[in-house]
Amino acid sequence: MDLEQIISEYIECYNNFRIDEMLDLFATDCIFENISNSNGIIKISGKDELKSLVEKYKEIFSTKEQQIINLYTGDNHAVAEIIFKGILINDSKIDLRGVSIFEIENGKIKRLADYS
């Protein structure tokens with residue numbers, strides 16, 4: 001799978017709560033960072049911690065969708081401009097624009113940093 005296919009598959013799995021398939025795209029020792037103006041910084045290491053985080057998000061959101069509006073790729077990295085829309089279980093809506101930086105190693109996502 002090439003870089004763009006990995007990112008496309010990640011977005012598809014993310015949007016449809018396909019957690020196990022999404023985690024298969026990550027390296028065992030992956031790093032995930034979420035840097036937000038409203039929620040501060042979340043940084044986790046490893047697939048186990050990532051799975052715990054993603055499962056918590058599944059409990060919070062009734063729907064969520066990331067859409068890539070621009071994608072810039074290099075050899076083993078990509079920068080995606082993202083629109084995120086979600087509905088929390090209390091029916092509150094979230095609309096954000098942000099940037100996701102993907103680093104790929106050996107065909108897996110080694111690092112993903114989301115900025116919003």
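In β4, Lys 85 is the bridge partner of Glu 65. β3 and β4 pair in the antiparallel sense over 11 bridges; two strands count as paired if DSSP finds at least two bridges between them. Strands (E, at least two residues) and helices (H or I, at least four) are DSSP runs, numbered from the N terminus.

This is a predicted model, in which local features need pLDDT of at least 70, side-chain atom pairs count only at pLDDT 80 or more, and totals for chains, interfaces and linings use all residues. Residues are numbered from 1 along each chain as its sequence is written, and side-chain values use heavy atoms, with hydrogens and water left out.

The open sheet has 6 strands in the order β2-β1-β6-β5-β4-β3, with mixed pairing. At its edges are β2 (40-45) and β3, each of which pairs on one side only.

α1 lies across β1, β3, β4, β5 and β6, and runs at about 165° to β3. α3 lies across β1, β2, β3 and β4, at about 50° to β1. Axes are lines fitted to C-alpha atoms, for helices over the stretch in contact, and angles run from 0 to 180 degrees between N-to-C directions.

Which element gives the largest share of the lining of the largest pocket? That share, 6 residues, comes from β5.

Key:
Contact = heavy atoms within 4.5 Å.
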